[in-house]
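Subject: Structure handover

Hi,

Here is the structure for you to look over. My notes follow below it.

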Amino acid sequence: MDDGYFGTNFNRPSWSELIEKIENGGVSTLIVKDMSRLGRDYLKVGFYTEVLFVEKGVRFIAINNGIDSANQQDSDFTPFLNIINEWYAKDTSKKIRAVMKSKGEAGEHLCTNPPYGYMKDVDDKKRWIVDEEAAEVVKRIFALCLDGYGPTQIARILKEEQVITPTIHFMRIGRTTRNAPPDNPYNWTGDTIADILERPEYQGHTVNFKTYKQSYKSKKTCYNPEEKWLVFENTHEAIIDADTWERVQELRKNKRRPTRTGKTNMFSGIVRCADCGEKLYYCTSKNFEARQDHFVCSTSRLKGKEVCPTHFIRAVVLEQGVLAHLRLVISCVANHEEQFRKAMGAKQKAEAKKELAAKRRQATQAERRIEELDRLFKRIYEDNANGKLSDSRFQMLSDDYEQEQEELREKLLQLNEEIIQQEEQAKNIDRFIGKVRKYLDLDELTPTILNDMVKAVYVHAPDNSKGYREQQIDISYDLVGILPAAMLNDLQNGETA
C-alpha cells in the first residue's frame, strides 16, 4: 500500500520494497485491483509487465481489467490500457495547472504554507498574518546583513545564540513540514539565511509563479526569471520595509569574502575606483596595525598601472572622510531642510503639488486634442471622398493635423516623463531625509549606518602637486546619489545652492 503517492511516481516506498522482493525471487504472483493501481506511466508499467515480471517468472493479474499474464490473449490490450491510464493523469494535471494559474492570476497565495515569519489566519486560511516570534528572527537576519554579515556568518551567529531553526519552530506551533528535524535544533545553514534574505514576500507582497515544473512526470522544480513573476503588492502585513529590502538586495549583489586573516572591513564591496569603476581590494595582515589596513584598485593590481593608475587609500582615512561627510549631510538636513530640498532640485511640497497638477492638466488636454484631431481627420477624409472637399484642400488640412498631432505626442511624452521624474525625485528626497533623521546624533560610523545610507564610495587617484598628498573621494548616497561637499558647505554658510 502506498497512501499519499501518485501513480506517476514509482519512487514509492512499498513499491520499492516489492520490486526488491521480485528481484530476489520472493514473488510468484502479483495481483492488483486494476492496471492504474500499478501506475500511470505507460513506459514504466510496460517495462515491469512485459520485461521484468516475465524475466523473474512473476504471474501478473489485474482483476477489474481481466488481465492474467498466464493467458497471453488476455494481455493483448494491456498497452492501450496503460496509455489511457497515463492520459487520465495527464488530463488531471492539465486541469490542476489551469486552476492554479487562475488562482495565481487572481492574487491568491499558491504555496501550501506561508514562508517563515508568517502563519495562516485561523478565521481565513487564505490570509497570512505575522508570526511574531519568527518575524523577530527575520528582522534580526536582515539587520545582521545590514551590519555587513554574510549568510554563513549570520547562520553561525544564530546558532551561537541558540535560535531554533524554522523546521523546529514549525513543529512547536503544530505546523506540518516536509523537512526532517535536524539533530541540532539550532543548526542554521547559509542556504536557509540566503533564502530568507531573497524573499520579496517579507515586504508584504504576494509573489506567484516563481517556480514551475516542466512536466507532470518530473518532480524537479525549475525557477522562472523575475520578469515572469506576478507580484501583488501590499496583500499582507510587511515584516521588512522597502528601503531595508532594497539595501539588502544591493549588498547581496556585492558579496564580500573575509581575508585569509579572518579580518573584514565594512567598506569591502562598497569602495570603488573612480577611474575604472572596479572594486578596491581590502589589504591586511596579521602583523598590520589598524592604521596600516588599506584598499587598492583591483584593476591596477591585476592588470598593471598602465591600465589603471594605483588608487591606494588607508581604511582609517576612508572611514574618517566618510564619517565627516555624513555628519555634514546630517547637519544640512537638520538645520537647512528646505534649502537642502531646493539644492537637490526638489521644491517645497506645496509648490511641487501645484506644478504636478499643472503638468497633469496639460497632459490631459494634449490627449483630448489628439483624439479630437483623429475625429477631424476622419471627417475631412469623408468630405474629400464625397467630393465636398478638394484634394488640395484635403492635403493641406491633413498635413496640418498630422503635424499638430506629432507635436502633441512629443509634448505628451515629455510631460509624462517629467511627471514621473518629479514624483520619484520628491519621493526619494523625502525617504532620504527620513533616513537622515534616524542618525541626528551620529558619533561613530557603523556597518549598519554605512550600508543603510551609502551605496558606493569612489576613490580618486592621489594628487601630490601641492607638495602633500591630497585625495578626493565621492560618496554616492542611497536614493540621492553623490552630494558634493561644496554644495553642502554653501548650505551651511547660508548661501543659495
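Is G434 buried, partly exposed or exposed? G434 is partly exposed, because its relative accessible area is 33% and the buried class ends under 20%. Please keep in mind that this is a predicted model.

G434 sits in helix α14, which covers residues 391-437.

T299 belongs to helix α10, residues 298-303. T299 counts as buried, because its relative accessibility is 10% and the cut-off for buried is under 20%. Which residues does T299 touch, leaving out those up to four places away in sequence? They are C276, E278, G304, V307 and C308.

Next, helix α6. This helix runs over residues 151-160. Its buried residues are P151, I154, A155, I157 and L158. These lie on the same side of α6, because they cover an arc of only 160° around the axis. T152 and E160 are on the other side, and both are exposed. What do the buried residues of α6 pack against? Three helices take part: α5 (132-146), α8 (190-197) and α9 (242-253). After α6 comes Q162. Its phi is positive, near 55°.

Now the whole chain. It has 16 helices and 16 strands. The radius of gyration is 34 Å, whereas a compact globule of 497 residues would have one near 23 Å. The C-alpha trace spans about 100 × 95 × 55 Å along its principal axes.

Of the 497 residues, 39% are buried. Take the contacts between residues at least 6 apart in sequence: 61% of them join residues at least 24 apart. The accessible surface is about 29900 Å². Carbon and sulfur atoms account for 48% of that surface.

Last, the charges. The chain carries 75 positive and 78 negative charges.

Best wishes

Definitions and conventions: Residues numbered from 1 in each chain as written. Predicted model: local features only at pLDDT ≥ 70, side-chain atom pairs only at ≥ 80, totals over all residues. Heavy atoms only, no water. Helix = DSSP H or I, 4+ residues; strand = E, 2+ residues; numbered from the N terminus. Rg over C-alpha atoms; globule rule 2.2 N^0.38 Å. Buried < 20%, exposed > 50% of the residue type's maximum accessible area, 1.4 Å probe, protein only. Contact = heavy atoms within 4.5 Å. Areas by Shrake-Rupley, 256 points an atom, 1.4 Å probe, with all protein chains shown as cover. Lys, Arg positive; Asp, Glu negative; His and termini not counted. Charge placed at Lys NZ, Arg CZ, Asp CG, Glu CD. Arc of directions from axis to C-beta.
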